[in-house]
Amino acid sequence: MAYRSGRHFLQIPGPTNVPDRVLRAIDNATIDHRGPEFGKMSLEILDGLKAVFQTKRPVVIYPASGTGAWEAALVNTLSPGDRVLMFETGHFASLWQKMAAKLGLSVEIVPTDWRRGVDPAAVEAKLKEDAQHRIKAVCVVHNETSTGVTSRIAAIRRAIDSAKHPALYMVDTISSLASIDYRHDEWGVDVTVAGSQKGLMLPPGLSFNCVSEKAVEASRSAKLPRSYWSWEEMIANNRTGYFPYTPATNLLYGLHEALKMLAEEGLPNVFARHARHAEATRRAVRAWGLEILCAVPEEYSNTLTAVTMPAGHDADALRKTILETYDMSLGTGLGRLAGKVFRIGHLGDFNDLTLAGSLAGIEMGLALANVPHKKGGVLAALDYLSECAKQAAPRKAA
Ligand SMILES: Cc1ncc(COP(=O)(O)O)c(C=O)c1O
């Protein structure tokens, strides 16, 4: 394809734009992964990850996409035929369910209309029904990337507790970690699943399990076959900064740098930035007269917004127009949402002006593709961003 000037706008909800500092870090000579320099770096990474997961527990790193970490969470803790409670909040939750079934688990599925998150009351009711404690794990996708809906992880924890049920609690944070507040320890999560390519601002290729003591205890008697994914060797090797097999050295360089960047900005500021960009985006969508897919305002996602197309208009045709004309990629509709929604990713290495550019591309694209809408979405977002900047200014000076 011929050269296109300027930066491509990668506004899918992950992989996200990889910042130059991370790219430069990855672009270093690969070193001996059993040597002293590598061991020192790994220990810094394993420690730095704890701050991001808000945990004191070990975080296991796999050279795999997020799907690998899903599998690791299940095979390390469960046995063939174990019952797991899962909620079909969207495309990714349903993929995790399919995986659990393929692994020989007995999956109990609670369906939704793909417009809302997991209902804590439903969790409590399901667990109370299970007087014999057959359910061994409750699995929830924190931020459903196909719908832009964020489930309430702390409230679900309270629901599990009030049912007095011993099931493990597993949470997929692939599109929320390092973007939306998430607290592995405080929220009593047993296995947190995460990936490198979204809030952590890295290319795809690394994924994570953060594991509670209860999860490690469960892994001692769990019978699903596992070898590559086994936590045991990984956690033992990690204690000295090494891995049981060849790690993804150059991606780890990138992770080392990304963790420094997140610490420099400060996690509360990272969360506030994502919240600001999400709110600005929603104001734009409303001003265009389009509908936000998420039906529950307290579950709006801070990392992406899925926008429903007016009847008779194809989301992929709009995405094609925007890609060809303005060199911006937006997320496609997945599964049953194919053609019906487009998704705006506003996460990772992102600032007010990147958002302004992204929304401008969408507003111009809507006009070009003859999608019925009102003008003024960009302006509504800019007004909100300016208001936020004004409110932040005196605090900075103080
Ligand atoms: C919430 C969620 N879970 C799981 C996955 C699967 O991860 P991967 O595609 O990295 O294997 C994704 C991918 O986007 C995701 O967004």
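**Entry 1: Glu 88**

I looked up the burial of Glu 88 and found it buried, with a relative accessible area of 17%; the cut-off for this class is under 20%. I note that the model is predicted. I then located Glu 88 in strand S3, which covers residues 83–88.

Which side chain makes a polar contact with the side chain of Glu 88? I found that of Arg 336, at 3.5 Å. Setting aside neighbours within four places in sequence, I listed the residues in contact with Glu 88: Ala 93, Ser 94, Gln 97, Ile 109, Val 110, Pro 111, Thr 112, Trp 114 and Arg 336.

**Entry 2: Helix H11**

Which residues of H11 are buried? I recorded Ala 315, Leu 318, Thr 321 and Ile 322. Viewed down the axis of H11, these buried residues fall within an arc of 125 degrees, so they line one face of the helix. I then asked what covers them; the cover includes strand S13 (328–330), strand S14 (341–345) and helix H12 (352–368).

**Entry 3: The ends of H11**

At the start of H11, I found a side-chain oxygen of Asp 314 within 3.1 Å of the backbone nitrogen of Asp 316. Just after H11, I noted that Asp 327 has a positive phi of about 60 degrees.

Definitions and conventions: Residues are numbered from 1 along each chain as its sequence is written. This is a predicted model: local features need pLDDT of at least 70, side-chain atom pairs count only at pLDDT 80 or more; totals for chains, interfaces and linings use all residues. Side-chain values use heavy atoms; hydrogens and water are left out. Helices (H or I, at least four residues) and strands (E, at least two) are DSSP runs, numbered from the N terminus. Buried means under 20% relative accessible area, exposed over 50%, partly exposed in between (1.4 Å probe, protein chains only). A polar contact is a pair of N or O atoms within 3.5 Å; within protein, one must be able to donate a hydrogen and the other to accept it, and residues adjacent in sequence count only if both atoms are side-chain atoms. Contact means heavy atoms within 4.5 Å. The arc is that of the directions from the helix axis to the C-beta atoms.
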